[in-house]
Amino acid sequence: MGKLKFEGIRTVILDYDGTIHDSTRNYIHAFEQAYAFLVEAGHAAPRDWADAEITKWLGYSSKAMWENFMPDLDEEIRAHASKMIGQILFEKAQTGQAVLYPGALETLQALKEKGYRLVFLSNCSRAYMEAHRESFNLDRYFDGMYCTEDFDFIPKYEIFESIQAVFPGGYLIVGDRFQDIEVAEHHPVRTVGCRYGFGFPGELDSADMLIGDIRELNDLL
């Protein structure tokens with residue numbers, strides 16, 4: 001059934017955080033550091049955060065995250081806190097502290113060997129993308145790499161048009177958040193939702209298929 005559903009796919013577009021990269025611990029650490037700065041500077045009240053309250057922001061662009069998290073925060077302060085998070089995540093990748101989900105690179109390699117074109121599409125900064133490109137030698141697997149910062153943080157379904165202009169159809173989008181699955185509301189693409197990522201219950205309901213492990217992707221295609 002799975003293979004039949006995804007017949008005709010030639011280009012597989014993959015989200016990164018929560019799909020390939022398990023950014024849980026590094027993002028929680030970076031968020032807590034940035035929030036401590038806001039508290040110390042008198043811009044936020046001290047409080048403890050549950051992990052799920054923090055990781056729910058993974059999958060958002062930094063711009064969308066801050067607009068939703070603390071919309072009334074002064075723009076300059078917001079920019080500083082956002083930069084703190086970005087810098088910590090960048091340094092973690094640069095120093096080999098980033099962690100991929102088990103089997104992630106092997107799955108990408110298997111799909112590449114089957115002849116699929118693989119595209120990286122993440123709500124991240126260029127510096128973050130480049131640090132991970134280097135850390136995991138992602139050019140070995142991806143035919144194209146796109147980060148939302150290069151497009152002024154517009155939604156993924158709009159960036160898809162740029163990918164569509166370069167890579168052949170049919171298309172499959174793989175991701176763990178609604179920002180990935182909603183591409184199918186605007187374009188004729190198939191979708192696979194990653195239940196092991198950072199999405200909330202119901203967020204992936206409209207996906208064509210759900211997987212609990214990145215390695216299942218190799219069985220579907």
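**Notebook: salt bridges and cores**

I began with Asp143, which forms a salt bridge with Arg117, the closest N and O atoms being 3.8 Å apart. I count a salt bridge when a side-chain nitrogen of Lys or Arg is within 4 Å of a carboxyl oxygen of Asp or Glu. Asp143 sits in the loop between α7 (126-136) and β3 (144-147) and Arg117 in strand β2 (residues 117-122), so the pair ties together parts 26 residues apart in sequence. Helices (H or I, at least four residues) and strands (E, at least two) are DSSP runs, numbered from the N terminus.

The model is predicted: local features need pLDDT of at least 70, side-chain atom pairs count only at pLDDT 80 or more, and totals for chains, interfaces and linings use all residues. Residues are numbered from 1 along each chain as its sequence is written, and side-chain values use heavy atoms, without hydrogens and water.

I then looked up Arg126. Its salt-bridge partner is Asp150, with the closest N and O atoms 2.6 Å apart. Arg126 belongs to helix α7 and Asp150 to the loop between β3 and α8 (156-164), so this pair ties together parts 24 residues apart in sequence. A network of salt bridges links Arg126, Glu130, Arg133, Asp139 and Asp150. My search of the whole structure gave 13 salt bridges.

Next, the cores. I take a nonpolar core as buried (under 20% relative accessible area, 1.4 Å probe, protein chains only) Ala, Val, Leu, Ile, Met, Phe, Trp, Tyr and Cys residues joined through side-chain atoms within 4.5 Å. The largest has 57 residues, and Phe142 and Leu217 have the most contacts inside it. Helix α2 (residues 24-40) gives the most to this core, seven residues.

Methods
Buried means under 20% relative accessible area, exposed over 50%, partly exposed in between (1.4 Å probe, protein chains only).
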